[in-house]
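Q: I'd like to learn how to read the packing inside a protein model. Can you walk me through one?

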Amino acid sequence: MRAKQRIQMTRRLTFYAGLSAAAMIGFMIGGNQPVAAADSDAKLFRAGAAKVEIKTPMGMPIVGNWDSPPATHIHDELHVRCLVLNDGQTSLAFAICDNVGIPREVFDAARKFIQAETNVAAENVLMSATHTHSGVSARETRVVDGQQVLSAYQQLLARRIADAVAKAEQRLQPAKIAWGGVDLPSEVHNRRWYVSDDKLLANPFGGVDKVRMNPPRGSDALMKPAGPIDPEVSFISVQSVDNKPLALLANYSLHYVGGVPKGDVSADYFAAFSEKIGGLLGASDSNSEFVGIMTNGTSGDINNIRFAEKNSSSSEPYQRIDEVSDLVAAKVAAACESLDYQDWVPLGAAHAELTLAMRKPDAQMQRYFASLLEPGRDPASIHRHAKTYSQRVKRLQEGPDETTILLQAFRIGDLSVMSIPFEVFAETGLDLKQRSPFADAFTIELANGSYGYLPTPAQHKLGGYETWMGTNRVQRDASDKISDVLLSLSQQINQQ
Ligand SMILES: [Zn+2]
């Protein structure tokens, strides 16, 4: 192994959400200047990939739906899938976990292991959750004596993330790289709809929304979706110098597929795609080092449900996961046939901290929730989720006034990969793709943290589940602030 040497291209920025973009640049602190490669590794491009089993314990709550049944059966084991790239000077790593959403504290713990145990600069690791709705909870951080304490499962996850990065790093070998995108609009549907029936628009705060999340399928009340879809499956393909597939990392703005029986643990279509794509690319069984990876794009308002059509036939468990993963894998494999691989591309990374204000209930909302407890209240007049939201709002009221999130932008040649620690709306991802200074770009959501939904300010005005206080927890213009920072980071690494 090479002498342990950290070469940092990352510049660290701290932003405050109230500042203008121009003022933000003034907050650049502690920049580490790029260091020239000291040896013959310069201009040698290497890649390594690994997948590590999380080894999910039974009995833990499965999260992703309104109830949280205990895990009673593992249909397919949850994994961390990792890709490490090195251009002779800079390493980048992606560590993608089968989970619905992982708090920043868990990723920070993994980052400490990675810093201590590998040559990959910890700030150059993009860690994210796939958003499978049939994994177990990693959310329950406890506070003991003012200190945050990770649960046993959170500690296990942090360990497995670092293990995956270390294993992928050990597998680094000379490689070539290509990337591309292909449209598959048939599997992504905006789930927020304008509807003509007011009964579908009640919210748990005693008010009426303008749009409805997951409206009844095929209903006559459906008017039109409230936002766009992003049909693109983006992907990065890595091969050995003798043309053997090593890894394929894809990105699709599809929330998840589902159709998993209650109590089953499954990594949803993310894993089904990851397992299928290798075979289609010609990774032979003996080539056990190939790793497929599906990351979540910007899918906070997207589902795999054809809302406009009546549900004609019900699907068997796992049937839709199988069908969707077949389609996505076939599309990506076909697109890979025309790729031009490059022997070397420059890598770069930048990250920033952004402080956002937390939303707090106003006096009117507090009065409304208090009124629900008054005697004689007709239960039929109370929204079925009012109790849940009164608790969520109370947590926000008693919680901190602000939170600080981590944002990243990676450069891989003229491709940029950005990360956001929220469930991001498709329109935000489309906007970032369009405004990125790079020829190609995509965004991985639920990366480096999990802070709930991130509607745009315009979507906030429409209401609906994703905008409800408690589902959304940060200032209403957070998506704009986040995009500004990511584009500023992109400009910076584009000039490196
Ligand atoms: Zn979800």
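This is a predicted model: local features need pLDDT of at least 70, side-chain atom pairs count only at pLDDT 80 or more; totals for chains, interfaces and linings use all residues.

Q: Which residues touch the most other members of the largest nonpolar core?

A: The general idea first: in soluble globular proteins, nonpolar side chains tend to be buried together. In this model the largest nonpolar core has 40 residues, and F422 and I482 touch the most other members.

Q: Which elements give two or more residues to this core?

A: On the strand side they are β22 (347–357), β23 (402–412), β24 (415–420) and β27 (453–454), and the helices are α6 (363–371), α7 (386–398) and α10 (478–494). The largest share, seven residues, is from α10. Look at the domains too: domain 1 (12–189 + 225–358 + 401–494) and domain 2 (363–396) each supply at least three residues to this core.

Q: What is F422 in contact with, leaving aside its neighbours within four places in sequence?

A: Go and find L356, I405, E445, L446, Y451, G452, Y453, L454, V474 and I482. While you're browsing, there is another core apart from this one, with 39 residues, including V136, A162, V165 and A271.

Q: And helix pairs: at what angle do the axes of α8 and α10 cross?

A: Helix α8 (residues 426–435) and α10 have axes that come within 11 Å and cross at roughly 25°. Angles under 35 degrees count as roughly parallel, so α8 is roughly parallel to α10. The crossing is right-handed.

Q: Which residues make that contact?

A: From α8, pick out T428, L432 and R435; from α10, S479, S483, D484, L486 and L487.

How values were computed: Residues are numbered from 1 along each chain as its sequence is written. Side-chain values use heavy atoms; hydrogens and water are left out. A nonpolar core is a set of buried Ala, Val, Leu, Ile, Met, Phe, Trp, Tyr and Cys residues joined through side-chain atoms within 4.5 Å. Buried means under 20% relative accessible area, exposed over 50%, partly exposed in between (1.4 Å probe, protein chains only). Helices (H or I, at least four residues) and strands (E, at least two) are DSSP runs, numbered from the N terminus. Domain bounds come from an automatic or database domain assignment. Contact means heavy atoms within 4.5 Å. Axes are lines fitted to C-alpha atoms, for helices over the stretch in contact, and angles run from 0 to 180 degrees between N-to-C directions. Angles under 35 degrees count as roughly parallel, over 145 as roughly antiparallel, 65 to 115 as roughly perpendicular and the rest as oblique. A crossing is left-handed if the near helix is turned anticlockwise from the far one by less than a right angle, and right-handed if clockwise.
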